[in-house]
Amino acid sequence: MPFTTLDNKTALVLIDLQKGIVALPTVHPAAGIVAKSVQLADAFRKAGRPVVFVNVAGGAPGRTEQAMPGGERPADWADLVPDLDRKPDEPLFTKKSWGAFATTGIEAWLKQQGITHIVLAGIATSIGVESTARQAYEAGFNVSLVTDAMSDMKADAHENSLKNIFPRLGETGTTDAMLALLGA
């Protein structure tokens, strides 16, 4: 279902647009995802709506069959890409899990602000974005997913999220459709 409306209290939540993640090989070029995310952030700011950033700096401690890449990460691996131009009053939540709600205070912050609706974009579609969307939906938030402002390392995982998962968690649409709703 395409976007229908925005709640009065809607926040943009950008997932893992950080130097280490943006450098990974993605299905859709990360530079384009960042550019669309910048458009969204600028429009949300202009509309007086919150912009929230999430980055990842570690993983959950559980055992998995597919090991996380090892080795030393550069010191700036978790730093947001500069193009996003994060403002001093815009929160940054650092997670150590796939979804932002499990290991950060984002849910409490959003509720404290009276936010009832989140708009999601970022990398990776099937990991950080999908996990955050699931957790937000389960926490009672309305969820909108900007599908051309996200990408994944695997095409089939990206497509599965877009076609099979996201329509069950919220509304999907393009950057242009979201900008139109914002009146940008």
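**First stop: helix 4**

Select helix 4 and colour its buried residues: Thr125, Ser126, Gly128, Val129, Glu130, Ser131, Thr132, Ala133 and Ala136. Buried here means under 20% relative accessible area, with exposed being over 50% and partly exposed in between (1.4 Å probe, protein chains only). Helices (H or I, at least four residues) and strands (E, at least two) are DSSP runs, numbered from the N terminus.

A word on what you're looking at: this is a predicted model, where local features need pLDDT of at least 70 and side-chain atom pairs count only at pLDDT 80 or more, while totals for chains, interfaces and linings use all residues. Residues are numbered from 1 along each chain as its sequence is written, and side-chain values use heavy atoms, with hydrogens and water left out.

Back to helix 4, which covers residues 125–138. Its 14 residues reach 18 Å from the first C-alpha to the last, close to the 20 Å expected at 1.5 Å a residue (the expected span is 1.5 Å times one less than the number of residues). What covers those buried residues? Among the elements that do are strand 1 (10–15), strand 3 (92–95), strand 4 (117–123), strand 5 (142–151) and helix 5 (155–169). Just after the helix, click on Gly140, which takes a positive phi of about 95°.

Show helix 5 beside helix 4: the two pack at an angle of about 10°, with their axes 10 Å apart. That makes helix 4 roughly parallel to helix 5. Axes are lines fitted to C-alpha atoms, for helices over the stretch in contact, and angles run from 0 to 180 degrees between N-to-C directions. Angles under 35 degrees count as roughly parallel, over 145 as roughly antiparallel, 65 to 115 as roughly perpendicular and the rest as oblique.

Which residues meet here? On the helix 4 side, pick Thr125, Ser126, Val129, Glu130, Ala133, Arg134 and Tyr137; they meet Ala157, His158, Ser161, Leu162, Ile165, Phe166, Arg168 and Leu169 in helix 5. Contact means heavy atoms within 4.5 Å.

Six of them form an open sheet in the order 3-2-1-4-5-6, with parallel pairing. Strand 3 and strand 6 (171–173) stand at the edges with a single partner strand each, so one side of each has no neighbour in the sheet. From one strand to the next, the twist averages 25°. Two strands pair if DSSP finds at least two bridges between them.

Zoom in on strand 1, where six of six residues are buried. Thr10, Leu12 and Leu14 point one way, and Ala11, Val13 and Ile15 the other. In a regular strand the side chains alternate between the two faces of the sheet.

Strand 1 has partners to visit:

- Strand 4 runs parallel to strand 1 and is joined to it by six bridges; look for Val13 with its bridge partner Leu120.
- Strand 2 (residues 51–56) also pairs with strand 1 in the parallel sense, over four bridges; find Leu14 opposite Phe53, then Ile15 with Val54.

Bring the helices back. Helix 2 (residues 30–46) lies across strand 1, strand 2, strand 4 and strand 5, running at about 140° to strand 5. Helix 6 packs on the sheet too, touching strand 4, strand 5 and strand 6, and its direction makes about 135° with that of strand 5.

Start with Asn55 in strand 2, which counts as buried at 5% relative accessibility. Its side chain and that of Thr94 are joined by a polar contact of 2.7 Å. A polar contact is a pair of N or O atoms within 3.5 Å; within protein, one must be able to donate a hydrogen and the other to accept it, and residues adjacent in sequence count only if both atoms are side-chain atoms.

Move to Ser151 in strand 5. Is Ser151 buried or exposed? Ser151 is buried, with a relative accessible area of 0%. Leaving aside neighbours within four places in sequence, its contacts include Thr26, His28, Gly122, Thr125 and His158.

Finish at Thr175 in helix 6 (residues 175–182), buried at 1% relative accessibility. Its side chain makes a polar contact of 2.7 Å with the side chain of Asp148.
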